[in-house]
Amino acid sequence: SSARALRARYGGAIVLKGATSVLIAADGEALNMLGTPAMAKGGSGDVLAGVLGALMAGREYYGLSGTRLLQTACALHGLAGMAAAEKYGERGALATDLCDELGRVPAAVPERRISLRTARMTEERKLTDFPANVGKGGTVAARATAAEEKLRLVLGKRVRVTVDRPLGSQHPDHKELVYGLNYGYVADVLAADNEWQDAYVFGVSEPVEIFEGEVVAIIHRLNDVEDKWVVAAAGTKPAAEAIRAQTAFAERYFESQIIL
């Protein structure tokens, strides 16, 4: 309510900084949950202001605007803080260390000149571009290839999924597609196309906003489209058939192979 009141009074875009920052722009509202108590130091907000200013100055080049620009700035800031805390400790990290660690944060946008929202829309367009693949599905590989072995290194990785397509929600453009699992992204991991890695949350029967668990499977798409991770509670060992059945609401559009 405070962020909304600020925008109502002054206009513009609002970042109300805190443990969970509130972001409001003309196109919507969002939350940023990336960060660490190590960032509760004088000057941290100045670093964020600098990141915001840089992205705003280059918004046409980066393809960023509105809420997505705010989200990207806060994510870069939060990830830099997490890197600084890992390096210097929660009490030892300073605001100047955030500046240094920004260079270690993968650039999710600049090199591609495309916003995360645009990337998501591109991915969703691809989803409807494969009607010939409906019902084809895929099979578990009889033997692991070198590429599969590389993918397997991800299995068991502890990650946090930020859900932006909750279970039961409809696709924003294709209302016939209803999400049968919570679906989102792992913000601190980049996929092959230099965007945050997308993931399904397996084994949760109600909508959630954040989920922490382990990568229990990889849906390796054979259509030259980004792979999807399957994340579940630690110790979960789903069968390929169960993953295939529960992700069929979207994966039926793609030929894929499930790696366990």
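Colleague: What makes Tyr-200 count as buried?

Modeller: This is a predicted model. Tyr-200 has a relative accessible area of 1%. Buried means under 20%, so Tyr-200 is buried.

Colleague: Why is the pair of Tyr-183 and Tyr-200 called tilted?

Modeller: The centres are 5.0 Å apart, and the planes make an angle of 50°. Tyr-183 lies in strand β5 and Tyr-200 in strand β6, so the pair ties together parts 17 residues apart in sequence. Tyr-183 is buried too, at 7% relative accessible area.

Colleague: Why is the pair of Tyr-185 and Trp-196 called stacked?

Modeller: The ring centres are 5.2 Å apart and the planes are at 25°. Planes under 30 degrees apart count as stacked, so this pair is stacked. Tyr-185 sits in strand β5 and Trp-196 in strand β6, so the pair joins parts eleven residues apart in sequence. Tyr-185 is buried at 12% relative accessibility, and Trp-196 is buried with a relative accessible area of 12%.

Colleague: Which residues form one aromatic cluster?

Modeller: Tyr-179, Tyr-183, Tyr-200 and Phe-249. The whole structure has five aromatic pairs.

Colleague: How do you know that Lys-228 and Asp-198 form a salt bridge?

Modeller: Their closest N and O atoms are 3.2 Å apart. The cut-off is 4 Å, so Lys-228 and Asp-198 form a salt bridge. Lys-228 is in strand β8 and Asp-198 in strand β6, 30 residues apart. Lys-228 is buried at 0% relative accessible area, and Asp-198 is buried at 6%. Asp-198, Glu-226 and Lys-228 are linked in a network of salt bridges.

Colleague: What makes Glu-29 partly exposed?

Modeller: Glu-29 has a relative accessible area of 46%. Buried is under 20% and exposed is over 50%, so Glu-29 is partly exposed. Glu-29 meets Arg-4 in a salt bridge, 2.9 Å from N to O. Arg-4 is in helix α1 and Glu-29 in strand β3, 25 residues apart.

Colleague: Which residue forms a salt bridge with Glu-251?

Modeller: Arg-221, with the closest N and O atoms 2.6 Å apart. Glu-251 is in helix α9 and Arg-221 in strand β7, 30 residues apart. Both are buried. Arg-221 also lies over the face of Phe-254, at 3.7 Å from the ring centre.

Technical notes
Residues are numbered from 1 along each chain as its sequence is written. This is a predicted model: local features need pLDDT of at least 70, side-chain atom pairs count only at pLDDT 80 or more; totals for chains, interfaces and linings use all residues. Side-chain values use heavy atoms; hydrogens and water are left out. Rings of Phe, Tyr and Trp (its six-membered ring) pair if their centres lie within 6.5 Å; planes under 30 degrees apart count as stacked, over 60 as edge-to-face and the rest as tilted. Helices (H or I, at least four residues) and strands (E, at least two) are DSSP runs, numbered from the N terminus. Buried means under 20% relative accessible area, exposed over 50%, partly exposed in between (1.4 Å probe, protein chains only). A charge sits over a ring if NZ of Lys or CZ of Arg is within 6 Å of the ring centre and within 35 degrees of the ring normal. A salt bridge is a side-chain nitrogen of Lys or Arg within 4 Å of a carboxyl oxygen of Asp or Glu.
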